[in-house]
Amino acid sequence: MARNNNNDKSQVPNTRVGRLLRERELRRSGRTSDATDGIRGLEISDIDSSSGSSSTEHNVESEESESPERRPIKQRLLVVANRLPVSAVRKGEDSWSLDISAGGLVSALLGVTDFEARWIGWAGVNVPDEIGQKALTKALAEKRCIPVFLDEETVHQYYNGYCNNILWPLFHYLGLPQEDRLATTRSFQSQFAAYKKANQMFADVVIEHYEEGDVIWCHDYHLMFLPKCLKDYNSQMKVGWFLHTPFPSSEIHRTLPSRSELLRAVLCADLVGFHTYDYARHFVSACARILGLEGTPEGVEDQGRLTRVAAFPIGIDSERFTRALEVPTVQEHIRELKERFAGRVVMLGVDRLDMIKGIPQKILAFEKFLEESPEWRDKVVLLQIAVPTRTDVAEYQKLTSQVHEIVGRVNGRFGTLTAVPIHHLDRSLDFAALCAIYAITDVALVTSLRDGMNLVSYEFVACQDSKKGVLILSEFAGAAQSLGAGAILINPWNITEVAAAIGQALNMPAEEREKRHHHNFEHVTTHTAQKWAEVFVSELNDTVIEAQQRIRKVPPQLLAGDAIRRYLESDNRLLILGFNAALTEPSDIPERRGRDQIKEMELKLHPELKQPLTMLCSDPKTTVLILSGSDRNVLDDNFWEHDLWLAAEHGMFLRSTKGDWMTTMPENLNMDWVDSVKHVFEYFTERTPRSHFEERQTSLVWNYKYSDVEFGRLQARDMLQHLWTGPISNSSVDVVQGSRSVEVRAVGVTKGAAIDRIIGEVVHSKDISSPIDYVLCIGHFLEKDEDIYTFFEPELPPDSMGGLRSKSTDSTSRHGSEKRPTPKLQTVGRSNSSRRSSGGSSSGSGRRSTQEETAWSVLDLKTENYFSCAVARTRTRARYLLNSSEDVVSFIKEIAAAGASPSNSSY
């Protein structure tokens, strides 16, 4: 289905920020907001008195007045949340009554007209029969809603169990339930299974209604698995996920048994959004510490795929509140409340009766204020609206009793026969009454112990344009990031501080009150819910565009069939295989990294590769070379039983398994820097727990992959600063940074610099009489060593790559795209320097050494017979990719089997 996402395609900026700024200007000028389709908001006259404490009920009807011919084609937005914005009551076997209420999310989308929105979610009722499901589906379709039908057992395990009993407390820093019985552990497992099952059920409904080009916006902790379910079905879907609660620090999240699965599922989304930067930072940190992934300023990177992570503070529909103050019903409420509390300063708290809202702390602070300020006892009143929630849960029943007890005590101490200091209501208010109370309030008191955003503070500010009251706001509410400049920020756990803040607010000069209110009112009226939704969806679209541009730069996956077919057709093959992370056992799994450090540090050949390597080495047409940065002992221990060639320390040492080690190092290699760098490495190893360094003959490597990731990076940064200003400031060395390592090498120590000399020695020793016409090079090489990939290119790469090459290949860059010289077998000869530490250096005048000439003379390589393949590195100069060492194992087994059966014609 065709989509018209943007009416002006001319001069689209190349950068993400440029595109988003352009989109912002278009929205401001109205060029992308001329359509009227989508969810339509109603006027304030549609207020229903039965709505909740901070929501009003809306009638979201489908629009039939505009003919399809005249209606612009707009991008569809599939909003997927645990609950539909609907209350469904069954009236008969095939009849339903629906009331659609606008909470924060619905309000956010009421004014978004650039998209055709559809809602997908659970209707909140159990409908086991097919007739009822069909009738409810039909009724909801008129409201642009699509139901997901969950059975009672799934709802109990998924919603009441895993969501409300495990994820919600954990995300609000209340911790996991204590496991005192084995049955509890089993229930956790069954709840997690139900959670994944329910997410798949949501995904099935989304997939059923998905059309190409749709944007899918998943919401909250109930649906953390949904992005993975959707991407597994279709990786091209545009999927965003937004969390409406806090995201805890990594130290809290890591206590969750399913921590890794949930993080990886969320990372399948293209864009992950949070209310504040703190929550986003916690998420990135959890991915880095728990999954071992790379956190970047843009988000989280996993093997070249970037999941963008950003903060998108939600707002409210401020105009809805300001318009409400003009409605006669609301004005009548205001008049009555002013008469009722005449002569007293009104303080207000509006909260769900929940552990995280800090209601007991609020009342205790108010009690302390009255105790210390007797002159205010008959001049101030606290109105506390506590909306009951989860009344069937014992912890909430206990909280209710505790609050009632404190309120009774305070009113008993400071109340009189005619007035009490606290008016406490265990109920919700309709929208009109709520707006009226906001309007007459002098001080709003928000004491959340942990809150995703808390939009009560926004609603209060929106209704205070005439009163200009003071907002006391907990620093643990997400709103503190946005309204902190105009509010009085407090730590709700510090009762003394909150009491002092109450005194400051009540005694604040009018001029200061006006300044604070003006700042907050400006923010609330400009950062609306509609703006929040527009920005998120716009950034999601652009994130997908950027990802597509990035993918175009990523090499394709290696096609095993093509590589094997060319292998079988060739006469003289050279297989160059890296060792670490290519041929090794997959013991170093990121999310389990460091559990058994000693075992993980031992590099072992994958056991399934022993027989395939033996088969390859026994083929007289095939030469196998293991090229690694590891030292000689490691390669000897792993490959002693195979008839192949070993090149250790990036090719500076070479031997066949039937011969002795020889050096291929250039004669003028300067190693005077080793002692001073070793001293620095020892210093940082002592001060970085679980780090270690390896001393080799041509390099030193400091590794911190088992250390705390953030501390390790700080230490690495300090080390590099010290090295560059001290020990190596005047030395001929290269500093190579890995993902979690720092390596110092002598200049010219790279795999690409060594391969020409290696080939010369191999050709002479094997007495090769026909040119090499097939090269396969597979490895997980650092960027510095990827010059080996370009070394074998039949078409030399352009000079733009020159900055990344080692000095040994710089001399070839002057040839541009010239073909390599025609092979000259008669020049094959063995240089006396091949067994000593000179080997020739190509960094001078540009002339090739004898070994280089030998290497070129035995290559007759057509472009279709060269396969360079990077393992788990998408930013690479290799032609192809393999995702993991397991993929390498599968390919090696396949190519060995094909070589052992020449009659195999399936390729």
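**View 1. Thr276 in the loop between strand E9 and helix H9.** Thr276 sits in the loop that separates strand E9 (271-274) from helix H9 (277-291), where helices (H or I, at least four residues) and strands (E, at least two) are DSSP runs numbered from the N terminus. The model is predicted, so that local features need pLDDT of at least 70 and side-chain atom pairs count only at pLDDT 80 or more, while totals for chains, interfaces and linings use all residues. Residues are numbered from 1 along each chain as its sequence is written, and side-chain values use heavy atoms, with hydrogens and water left out. Thr276 counts as buried because its relative accessibility is 3% (buried means under 20% relative accessible area, exposed over 50% and partly exposed in between, with a 1.4 Å probe and protein chains only). Leaving aside neighbours within four places in sequence, Thr276 is in contact with Ala311, Gly478 and Gln481, contact meaning heavy atoms within 4.5 Å.

**View 2. Asp571 in the loop between helix H20 and strand E19.** Asp571 belongs to the loop between helix H20 (560-569) and strand E19 (573-577), and it counts as partly exposed because its relative accessibility is 48%. Not counting residues up to four places away in sequence, Asp571 touches Lys621 and Asp773. Asp571 and Pro771 are 200 residues apart in sequence, yet their C-alpha atoms are 8.4 Å apart in space.

View 3. Six of the six residues of strand E29 (residues 866-871) are buried. Tyr866, Ser868 and Ala870 point one way from E29, whereas Phe867, Cys869 and Val871 point the other way. Strand E28 (residues 774-779) pairs with E29 in the parallel sense over five bridges, two strands being paired if DSSP finds at least two bridges between them. Strand E30 (residues 880-882) also runs parallel to E29, to which three bridges join it. Ala870 of E29 stands opposite Gly779, and its bridge partner in E30 is Leu881.

**View 4. The packing of helices H22 and H30.** Helix H22 (residues 610-617) and helix H30 (residues 885-900) pack at an angle of about 40 degrees, with their axes 9 Å apart; axes are lines fitted to C-alpha atoms, for helices over the stretch in contact, and angles run from 0 to 180 degrees between N-to-C directions. The contact is made by Pro612, Met615 and Leu616 of H22 and by Ile892, Lys893, Ile895, Ala896, Ala897 and Ala900 of H30.
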